[in-house]
Amino acid sequence: MQARHTPLNLTSASLEELVGLHARPCLSLYMGTHRSHPDNQQDPVRFRHLVGALKTSLHHQAPDALRALIAPFEALENDHAFWEHTLDGLVVMGATDFFRIYVLPRPVADLAVVADSFHTQPLRQFLQSVERYQVLALSLNKVQLFEGNRDSLEALSLASEVPRSSSDTSSDRQQTTHSSVSSYGGLGAGHSAMHHGLGGKKDGMDSEVERFFRAVDRAVQAHHSDVSGLPLMLAALPEHHHLFQAISHNPRLMKQGLLINPDSLSPTELQQRAWAVAAPAQQAQQSAWCDDYAAAKAKGLGSDNLADVAHAATAGRVGTLLIEAGRLVPGRIDGTTGRIDYSELGYPRVDDVLDDLGTLVEKLGGQVHVQAAEHMPTTTGVAASYRH
């Protein structure tokens, strides 16, 4: 049986769509899921309980709209084929005439919120390029592209323009060696032209490999790297690695990579080795954000006081905001004054102050980064660097 609901790819454009939606109320549901039987059998049951929480909140806030808003969630619950093909996390967003489903290759904490805006902090964290990267597994016989983070590495569907192997860019009709005509003793009767090859078989093979790599580089950059904005790690034999690095024009290609034939690695081995390369870059970026915050605070241009940060955010003063991943501060921010009204998530129209703060900062041109608690430079859940 084919699933009636097809998840969408989560992109930066997806986040912009969610943040920009003006319909009220907004229903946000997050849930950890399982990939295989029998663990996934309980997922629809847990989903039903979370939908029940949405119903309770809607009953207080918008009872007349409850039936129409909940109907798509209930239809998803009853789509048995859908629950057979989930990953590690499920995100469902709903509003009037609006319904989006995303499946993630990493777990998310269970959460059901009805508020004036969507809860997007976990999506923002997932989309951060510092935690995500792509791997180009390249050999002469196979081209594969993966996207991963610390938890997983998933195969992507290659754009049709990307060559699948070196045979896609070679031609039996193309001459791979060139010859020139030279004459000794002059041309004319009794003299025959002598043909000298310029480049032997190896030169021809090298030319084909380079042509193949250039085609792969162009297509991957145009149809994947430029679209995702993610760093690209190369997994290839050492000699192929060096050649590809030399000819590539992809600005997102990482200098560090895997110097091994990717065809010899299992998916698990490829994920483990790729993360071992990506992790230091992630740690360096997180340290740089913390250092920048410390420098700003030392100049009086930084704060970890939530109330002060909220006031600065509404004034457009926050240039960079660090938010602690998974931390919830139930309440609402007055978008005009920056005043915070603390409450409880179960109450109608109440979301997470940290989530709303991140949305506000991004709308006013600031940058927002979501970090695990152990990587935060503060203990309050926020660290803001001011523009002035």
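Sorted by class, the residues lining the second largest pocket of this predicted model are ten charged, seven nonpolar and five polar ones. The pocket has a volume of about 450 Å³. There are 22 lining residues, and those closest to the centre of the pocket are Arg24, Asp116, Ser117, Ile333 and Asp356. The largest share comes from H9, with four residues.

The next topic is the packing of two helices. Two packed helices are described by the angle between their axes and the distance between the axes. Helix H2 covers residues 43-61 and helix H3 covers residues 66-77; the angle between them is about 175°, and their axes are 10 Å apart. Angles over 145 degrees count as roughly antiparallel, so H2 is roughly antiparallel to H3.

Which residues of H2 and H3 make the contact? On the H2 side they are Pro44, Phe47, Arg48, Val51, Leu54, Lys55, Leu58 and His59. On the H3 side they are Leu66, Leu69, Ile70, Phe73, Glu74, Leu76 and Glu77. By class, this contact has ten nonpolar, four charged and one polar residue.

Arginine 48 and glutamate 77 also form a salt bridge, in which the closest N and O atoms are 2.7 Å apart. Arginine 48 lies in helix H2 and glutamate 77 in helix H3, so the pair, 29 residues apart, links distant parts of the chain. A search of the whole structure finds 17 salt bridges.

Notes. Residues are numbered from 1 along each chain as its sequence is written. This is a predicted model: local features need pLDDT of at least 70, side-chain atom pairs count only at pLDDT 80 or more; totals for chains, interfaces and linings use all residues. Side-chain values use heavy atoms; hydrogens and water are left out. On a 1 Å grid over the protein atoms alone, a cavity is a set of points where a 1.4 Å probe fits but cannot get out, and a pocket is an open set with protein on both sides within 12 Å along at least five of seven lines; lining residues have an atom within 4 Å of a point. Grid points are joined across faces, edges and corners, and a volume is the space filled by probe spheres set on the points. Helices (H or I, at least four residues) and strands (E, at least two) are DSSP runs, numbered from the N terminus. Ala, Val, Leu, Ile, Met, Phe, Trp, Tyr, Cys and Pro count as nonpolar, Asp, Glu, Lys and Arg as charged, and the others, Gly among them, as polar. Axes are lines fitted to C-alpha atoms, for helices over the stretch in contact, and angles run from 0 to 180 degrees between N-to-C directions. Angles under 35 degrees count as roughly parallel, over 145 as roughly antiparallel, 65 to 115 as roughly perpendicular and the rest as oblique. Contact means heavy atoms within 4.5 Å. A salt bridge is a side-chain nitrogen of Lys or Arg within 4 Å of a carboxyl oxygen of Asp or Glu.
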